[in-house]
Structure formats: C-alpha cells, structure tokens
Amino acid sequence: MHGHGMHGHGVHGHGLGHHASYEELGPGEDLVNHHMLRTTRGNRQYDVPQIECPPADDGMERFACPTPDHMGRYRCIDDHVLCDGFIDCPSGEDEDRQACMFYKTTKAHLDLLADALLRWARGR
Ligand SMILES: [Ca+2]
C-alpha cells in the first residue's frame, strides 16, 4: 500500500489559528473598543471568513461558507455536507472541485489510517 504522488502537504484546516483571547470586559467603553477590535480583525480576508460556527449536535465541526447569501449572512454547514453533491453554500463553494479533491483525498487517507489502526487493535 504505497500510494505514490499524493503526499500532500499535510495541512488540513486549523490553519486559522489566532484565537482571540477574550478578556473579561467591564460595561461601557471597553465594549466599544472590543467591537472595533473585532471589526479590524474582520477586515482581514482569508479564504475562510472569521465566522464562528457553533458545533453541530453530534459535536462535529462546522464550517462557514466563504460567501454570504443574498441576505448578507454567512451560512454554517456541517462537515458531512461538504462535497456530498448538493450545493449548500450560496455560491456552491462546498462543492468546489478542487477543494473537494483535496478533502476527499485527505478523508480517504484518514479512513485508511483509522481502518488500519482498528485492525491492528483488534489483531492484538
Ligand atoms: Ca454540499
């Protein structure tokens, strides 16, 4: 099982880093500052917007679509609707061909790995 090529760069998600440490804020002016800070931060455009999606019921990570819908709101989508063949983001980014290619390869690798681990654990 030595796959060639596809060694990837080993990076998957979580590259966003910079978790803002929210300080305990008193009432009043501090809140304004806080808000302005956030706005400044929001101007920095990555390929993924700085939207915080609440995790799904089953604890799976959720992702924000890169583009807002016609109401100007960003949608959060579940991990499992990525590349499922249906368009869930306003511009269909979740079905982006390149992204899905990467996603699927990564996922396939992980599945393979998990499978191997499971076998190893059982065979002991
Ligand atoms: Ca989809």
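**Loops, helices and confidence**

User: Which is Asp 69, buried or exposed?
Analyst: Asp 69 has 12 other C-beta atoms within 10 Å. With C-beta atoms placed from the backbone, a residue is buried if 20 or more others lie within 10 Å of its own, exposed if 12 or fewer, and partly exposed in between. Because its count is 12, Asp 69 is exposed.

User: What should I know about the numbering and the model, and what is the average pLDDT of the protein chain?
Analyst: Residues are numbered from 1 along each chain as its sequence is written. This is a predicted model, in which local features need pLDDT of at least 70 and side-chain atom pairs count only at pLDDT 80 or more, while totals for chains, interfaces and linings use all residues. The pLDDT is the predictor's confidence in each residue, from 0 to 100. In the protein chain 59% of the residues score at least 70, and the average pLDDT is 72.

User: How many contacts beyond four places in sequence does the model have for residues 2-17?
Analyst: Two residues are in contact if their C-beta atoms, placed from the backbone, lie within 7 Å. Over residues 2-17 the pLDDT stays under 50, and the contacts beyond four places in sequence number 6.

User: And for residues 31-46, how many contacts are there beyond near neighbours in sequence?
Analyst: Here too some care is needed: where pLDDT is low, the predicted coordinates should not be read in detail. Residues 31-46 have a pLDDT below 50, and their contacts beyond near neighbours in sequence number 5.

User: In what order do the elements of the protein chain run?
Analyst: Helices (H or I, at least four residues) and strands (E, at least two) are DSSP runs, numbered from the N terminus. The protein chain holds 2 helices and 2 strands. From the N terminus on, their order is α-β-β-α.

User: How many buried residues does helix H2 have?
Analyst: H2 covers residues 97-123, and its 27 residues reach 38 Å from first C-alpha to last, close to the 39 Å expected at 1.5 Å a residue. That expected span is 1.5 Å times one less than the number of residues. Across the protein chain, buried residues make up 4% of the 124 residues. H2 is hardly covered, and its count of buried residues is 0.

User: Which residues does Asp 69 touch, leaving out those up to four places away in sequence?
Analyst: Asp 69 sits in the loop between S1 and S2. Its C-alpha is 5.3 Å from that of Pro 90, 21 residues away in sequence. Beyond four places in sequence, the residues that Asp 69 touches are Arg 75 and Pro 90.

User: Which is Tyr 74, buried or exposed?
Analyst: Tyr 74 lies in the loop between S1 and S2. Its C-alpha is 8.9 Å from that of Pro 90, which is 16 residues away along the chain. Because Tyr 74 has 20 C-beta neighbours inside 10 Å, it counts as buried.

User: What is near 60° in Cys 83?
Analyst: Cys 83 lies in the loop between strand S2 (76-78) and H2. With 17 C-beta neighbours inside 10 Å, Cys 83 counts as partly exposed. Most residues other than glycine have a negative phi. In Cys 83, which is not glycine, the positive angle near 60° is phi.

User: What separates the C-alpha atoms of His 80 and Met 60 in space?
Analyst: His 80 is in the loop between S2 and H2, and counts as exposed because it has 10 C-beta neighbours inside 10 Å. Met 60 is 20 residues from His 80 in sequence, and the C-alpha to C-alpha distance is 8.8 Å.
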